[in-house]
Amino acid sequence: MFGKLSRLLTALTLVTAVVTAGAANAETLINGAGATFPYPLYSKWFSEYAKVDPSVKFNYQSIGSGGGIKQITAQTVDFGASDAFLSDEQLKATPGKLIHIPTVMGAVVVTYNLPGVGKGLKLKVEDVADIYLGKITKWNDPRIADDNPGIKLPNQPIIVVHRSDGSGTTNIFTDFLSGVSPEWTKKVGKGTSVKWPVGLGGKGNEGVAGQVKTTQYTIGYVELAYAFENKLPYATLKNKSGHWVEPSIKTTTAAAAAAVKHMPADYRISLVNQPGNDAYPIAGFTWLLVYEQQKNPVIGKKLVEFLNWELKKGQKMASALLYAPLPENVAKMVEKTVKSIKY
Amino acid sequence: MLQETDTRRWQIEKKLSGDFVFKGLTVVFAFTILAILLLMVEEMHRESLPALAKFGWRFVTGREWDAVQSSFGALPFIWGSVISSVLALFLATPLSVGTALFITEIAPQRFGGVVSALVELLAAIPSVIYGLWGVLVMAPWLQQSVEPFLSERLGFIPVFQGTPYGVSMLAAVFILMIMVVPIITAITREVLLTVPQSQKEAAVALGATRWEMIRMTVLPYGRSGILGAVILGLGRAIGETMAVTMVIGNTPQISLSLLSPAYTMPSVIANEFAEASSKLHSSALMEIGLILLVVTLIINILARLLLWGVSRQRGRTP
């Protein structure tokens, strides 16, 4: 009788033990929030990584870079994501040392609607700045016409379109314009939303692209991936070294490769206007934001494992989704940085 | 006999307790709404304190909106919201009242039912669909046909001057008009249905034509109700965000011309709040929310006064 009972008890204990262990093992949920621009790639990574390590589940909210920075500063998420690096002031507000981990690069292209003109309109970067400053107002302005001898440009006012919502795309674009034109730096500056001297505001990539597509004689800027997917015409730009560069995955990666020599240890670097024969001038990193000292050892460990996977396997998936992968030497640097995360 | 009184008393008591519970519940509900409103105001006020402290009244009169320089003024947004909503109502009211009159007084019953169902269908379309249609279909049409015509023929009036961009104040007014028509029409129709048949018959018996009957009995009877419908439409118009953002051009400027782009209060909040990284920027957007509330309140009070004036006037004329 007692024997039976004790055996039953043992069995019960075993079952309980197994169930508890199972629960502890079951799933580690890692929460993240931030940039919308890399969201398609990140969600691809998370679903592919679920096959590698089924015990980890990622929950990523693409609420925008500003929101990502706010949430990682408040420690309501395990990692943040941003298209703009944090300022010194913003870094001071964080409760611990926050590491920037560049994942991929994006580029911004200049798109336009000129009846009869396909892709490949040639624009000097200074001319782009003057168009957005409202100083070049006609399409047949000699400064544009001289670079495009084969194209008959119309005598029509240029309708400038920009993003109306705060966005990382605007941040990169205005950063680029600031690097090109001292007047832009003085009058407007760079930021996720700025005071535009001229033009109409469209909400989101689709808002800008919609206005450019449906309105003749417009010029706008959208993400490279968005322009490629929607087959928008885009301009070839003359970069700082005096070379005409067409926007592409390759020329975007080239911009980062050109920056390797002066890459700071915290990766807080803008990639616009990099020198080099084929460096596209409007490119930028997008970053994951992770605390160096992880609070939860389980989450910390899983996060580092994921980052290592992303730097090796994940990078290969980037081009298919129209993101520029990190150049190999940068990826090597980042691997070392990931090793410094403690948990 | 005694038993019967007891039962009755019990029934009365039961009724009373039911009344008590009901009364209590309605009081709780009413105060919940009030509490939510007050909490919202308090929260927005607290969040907008930095902007209130820095700019004071200059925030309301300022025309500059520059997040990089942290210089904020809300006047272009207030202007855009008020003008677009008021003009939209100006166009929508005759259209809606006309439609409602057609449905209730003119059309054969069955056909009127079809028309009113179609109008209500318009109310069910999400605003983002209106916005997409606006930016992809209406704005190009405005840019290529309507606006060039206006600026060529009527360009001597400042209201129709300027380059036709398509996305403009005019586009916002049209979109809002289409969006408020179903609301005003539906309510006006209900109001007109309450006009007593006897009054209408009396007018006709006195030899009134159909138009005279509508003018003398139907419209005066429904006047305050129609005004109420217009106020509800105004509420919808001034708070509309998505569709307006997509067609108004999002340029913070004050221009007399309907052809130039503008900006509204809900639009700037929707556009910039998610990425407002500086404290002052998000605080300025919070203050815009507060101003939106105040502007809505002022318009509602004005409308109430108008309503009150109209009903008093009606009371005097027999």
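The expected span of a helix is 1.5 Å times one less than its number of residues. In this predicted model, local features need pLDDT of at least 70 and side-chain atom pairs count only at pLDDT 80 or more, while totals for chains, interfaces and linings use all residues. Residues are numbered from 1 along each chain as its sequence is written, and chains are lettered from A and ligands numbered from 1 in the order in which they are written.

Start with helix α9 of chain B, residues 210-239; helices (H or I, at least four residues) and strands (E, at least two) are DSSP runs, numbered from the N terminus.

Chain B is divided into domain 1 (1-55) and domain 2 (62-316), with bounds from an automatic or database domain assignment. Their C-alpha centres lie 34 Å apart. Contact between them involves 10 residues of domain 1 and 11 residues of domain 2, two residues being in contact if their C-beta atoms, placed from the backbone, lie within 7 Å. On the domain 1 side, α1 (2-47) and α2 (49-55) of chain B each give two or more residues, and α2(B) has the largest share, five residues. That side has six nonpolar, two polar and two charged residues. Here Ala, Val, Leu, Ile, Met, Phe, Trp, Tyr, Cys and Pro count as nonpolar, Asp, Glu, Lys and Arg as charged, and the others, Gly among them, as polar.

The contact between the chains takes 27 residues from chain A and 25 residues from chain B. In chain A, α3 (65-73), β7 (200-202) and α9 (204-214) each supply at least two residues to it. The chain A side has seven nonpolar, 17 polar and three charged residues.

Chain A also holds an open sheet of three strands, in the order β5-β9-β10 and with mixed pairing; two strands pair if DSSP finds at least two bridges between them. β5 (122-124) and β10 (244-245) stand at the edges with a single partner strand each, so one side of each has no neighbour in the sheet. β5(A) pairs with β9(A) (residues 236-238) in the parallel sense over three bridges. A:T236 in β9(A) is the bridge partner of A:K122.
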